[in-house]
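Trainee: Before I use these labels, I would like to hear what stands behind them.
Mentor: Then ask about them one at a time.

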Amino acid sequence: MELSIYSGPGFEILLEVKGRSAQMVIKGPISRLVEHISKGFNAHASMEKLASVRGEEVAISCLMPPAPSGPFSRLVGAQVNRLLLRKSIPESLMLLTTGRCQCKCKHCIVYGYGLEKSSELSTKELYHVMDQALELGAYHVSFEGGEPTLRDDIFDLINHVDKDKASTHLITNGLHLTRDYVKNLKDAGLFYLHVSLDSPYPEEHDDFRGIGGIFEKASEGVKYGVEEGLIGIVEYTANPYNSDFERLEDLYKHCSSLGVHEILVDEVVPGGRWGFDEGDILKKEDYERLAEFQSEANKRGNGPRVSSSYSYRDPDIMGCFAGRRWMWISPTGEVMPCLHIPLSFGNVRDMSLEQAWKKIRRNPLFKKKPKTCTWRDPQYREKYFEHIRTAVEEERLPYQVES
């Protein structure tokens, strides 16, 4: 199957799909000017297995919109502009819709924000934020927390996103995911349902989350999502204590039994409730083991695709996304370059997203070409790390960056 996924002046981008694999091909008189896009996709994004193929709708990975679609065209357009015009836009809008949550996760990165429900952005304020982001070119809108299903207006928020411009994502602990709730998410226009699992073993996951029975709820919830037509994603935050081969294989078997389309592996980072002990973050051998697991899993004909969000942030692939490709909004409206970089560059109640984005882009940390993820950057650590550590202890995150 050959799908046309983007047409530009003098070139066309095609996706050649065979089974659960795909290759990107660029044709046309100026194709050489943009062939970097297809080479990058074929080397890193295709990963030998697509998350889902449903007729002529291809979900390559939850890290990008389905193809072909309006949001996918906007993704490609953003890469063309970045390549040819050196123009950076906030491609992804991550909304921390609330700081409230039923869990007390050991790795909670929102811990330290000291949030109250009364100070959360209202429905209308979030509508305005989303409208501005799409106007700037965003093609990805993610509803996160805290626990976003604790907001009574979550269906309205999802419904508000123009689906011809951006794909929609919900990241949840799964406690509210009854079949009826999942149907309502689908009816609101949700495309990707992300459910967090921290272990393939019920007791271990429940203990890590601080609430009994959540493993079963999360597992049932993502299964309901798949059955109702959503793309089901399991989010697995790897740390030094859950990234051994046995756990990873058991996780894969469990996700396969649920019909999960993709396992998205992320890395634990210093901060929040996890703390700042360097001994508690992944080491070289952990990353190597995770990469081997990902490679082997994606060679299997059946079962979910495995992706690692941090691998795309490698400087030889796409580089750190913080303040370069995505923008995070705290529950109270603070504009941040990344959840892992809890620095505020202003509040949406006081300035436009465009103004805040320009302020981020002028900052020396985000103006330069990244050599590593920003949380590892010596400049960031030297200038901000202690301030952030103190802000966590005093529950006054994010740290306000001076103008």
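**Labels and their cut-offs**

Trainee: Why is Asp244 called partly exposed?
Mentor: Asp244 has a relative accessibility of 25%. Buried means under 20% relative accessible area, exposed over 50%, and partly exposed in between (1.4 Å probe, protein chains only). The value falls in between, so Asp244 counts as partly exposed. The model is predicted: local features need pLDDT of at least 70, side-chain atom pairs count only at pLDDT 80 or more, and totals for chains, interfaces and linings use all residues. Residues are numbered from 1 along each chain as its sequence is written, and side-chain values use heavy atoms, with hydrogens and water left out.

Trainee: What makes Arg247 and Asp244 a salt bridge?
Mentor: Their side chains meet at 2.9 Å, N to O. The term requires a side-chain nitrogen of Lys or Arg within 4 Å of a carboxyl oxygen of Asp or Glu, so the pair qualifies.

Trainee: What makes Glu125 and Arg349 a salt bridge, and which parts of the chain does the pair link?
Mentor: The N to O distance is 2.9 Å, so this pair also meets the cut-off. The pair links distant parts of the chain, 224 residues apart: Glu125 is in helix α3 and Arg349 in the loop between β15 and α11. Helices (H or I, at least four residues) and strands (E, at least two) are DSSP runs, numbered from the N terminus.

Trainee: Is Arg349 buried, partly exposed or exposed?
Mentor: Its relative accessible area is 40%, so Arg349 is partly exposed.

Trainee: Why is Leu33 called exposed?
Mentor: Leu33, in helix α1, has a relative accessible area of 53%, so the label is exposed.
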